[in-house]
Amino acid sequence: MLIIFIILIICILVVLINAKSKISSLSKNKHDITPILRDIEKIQDVPIKRVGVYKTDNQNGSWAHDFRKSSIREILSTSDTNARLQYKTDMVGDKHPLCKIMKRHFRDYFRGSGSTVRVCSGNWEFKSHFDCDDNRIVGIYGSKRFLVFDMDDHPDELYILEHTKNMPIDILKPFLEKRKIKVHDHYLEPGDELYIRAGAYHRVESNGSSIIIGHAPPIKNTKRCQDKFNKIWPKQGKICKNNRCLE
């Protein structure tokens, strides 16, 4: 009986260690998004009052420096790298029909707070960063490339981050691998679901326009992570109430 108990404890520890070490995972074709796309097609020209016009700063990532009135159709057809557009909403109090569509199709999946919908124009990039919550992201339209890497508490973490902040994924990936940093390279396509562990660095790129829905439910005991985020990106710490608005 004692041997069985010891084996059980060992199995539990192995599962916990493996779960902690998994920085990300991609589930292909997990969701049928055909009915969602049909519904979105019907409301592509409904005006969106507040759409961010994004620029990228060498020090502090990408954020909206201006806002304009737009629509899903206009966002998806825009390819101007100097005026990249993004409609980002947490759907709370937002009456645009896209929010109703997402809530209806993901009613039993993304429960509670922490859900975000993004409609992005082409030529998009999010600089390498981490979030303090676990992320689940579902591709609805277009594709995005996510490079996820485990650099938390690396002795050269800040040096590497500073040195690589402008590196595209194709250059960043071998740079990290050469330094024995664990790297996952994911292509998120319509219907796929991506999981990214809290604290895992990730850089995102896409050539074409895209629509995604993400879920990052708040988790407890994130003070250390939040303090670290605000120290590395002080500007975002002042502008934002939480680390999710780095991009």
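**Strand β11 and its surroundings**

Modeller: Glutamate 125 has glutamate 205 as its bridge partner in β11. Glutamate 205 is also the partner in β11 of arginine 145. The model is a predicted one, in which local features need pLDDT of at least 70 and side-chain atom pairs count only at pLDDT 80 or more, while totals for chains, interfaces and linings use all residues. Residues are numbered from 1 along each chain as its sequence is written, and side-chain values use heavy atoms, with hydrogens and water left out.

Helices (H or I, at least four residues) and strands (E, at least two) are DSSP runs, numbered from the N terminus.

Two strands count as paired if DSSP finds at least two bridges between them. Strand β6 (residues 124–129) is joined to β11 by 4 bridges, and the two run antiparallel. Within this pairing, histidine 129 stands opposite histidine 202. Strand β8 (residues 144–149) also runs antiparallel to β11, with 5 bridges between them. The open sheet has 4 strands, in the order β6-β11-β8-β9, with antiparallel pairing. Its edge strands, β6 and β9 (183–188), each pair on one side only. From one strand to the next, the twist averages 15°. Helix α6 (residues 169–178) lies across β6, β8, β9 and β11, at about 20° to β8. Axes are lines fitted to C-alpha atoms, for helices over the stretch in contact, and angles run from 0 to 180 degrees between N-to-C directions; contact means heavy atoms within 4.5 Å.

Rings of Phe, Tyr and Trp (its six-membered ring) pair if their centres lie within 6.5 Å; planes under 30 degrees apart count as stacked, over 60 as edge-to-face and the rest as tilted. The count comes to 5 aromatic pairs. One of them, phenylalanine 130 with tyrosine 201, is edge-to-face, at 5.3 Å centre to centre and 80° between the planes. Phenylalanine 130 lies in the loop between β6 and β7, 71 residues from tyrosine 201. Phenylalanine 149 forms a stacked pair with tyrosine 201, at 5.5 Å centre to centre and 10° between the planes. This pair links β8 to β11 across 52 residues of separation. Phenylalanine 149 counts as buried because its relative accessible area is 1%, and tyrosine 201 because the value is 0%. Phe130, Phe149, Tyr201 and Phe229 form one aromatic cluster.

A disulfide is a pair of cysteine sulfur atoms within 2.5 Å, and the count comes to 1. Cysteine 132 and cysteine 225 form the link, with their sulfur atoms 2.0 Å apart. Cysteine 132 lies in the loop between β6 and β7 (135–141) and cysteine 225 in helix α7 (residues 223–232), 93 residues apart. The link is left-handed, with -90° about the S-S bond, and both cysteines are buried.

How values were computed: Buried means under 20% relative accessible area, exposed over 50%, partly exposed in between (1.4 Å probe, protein chains only).
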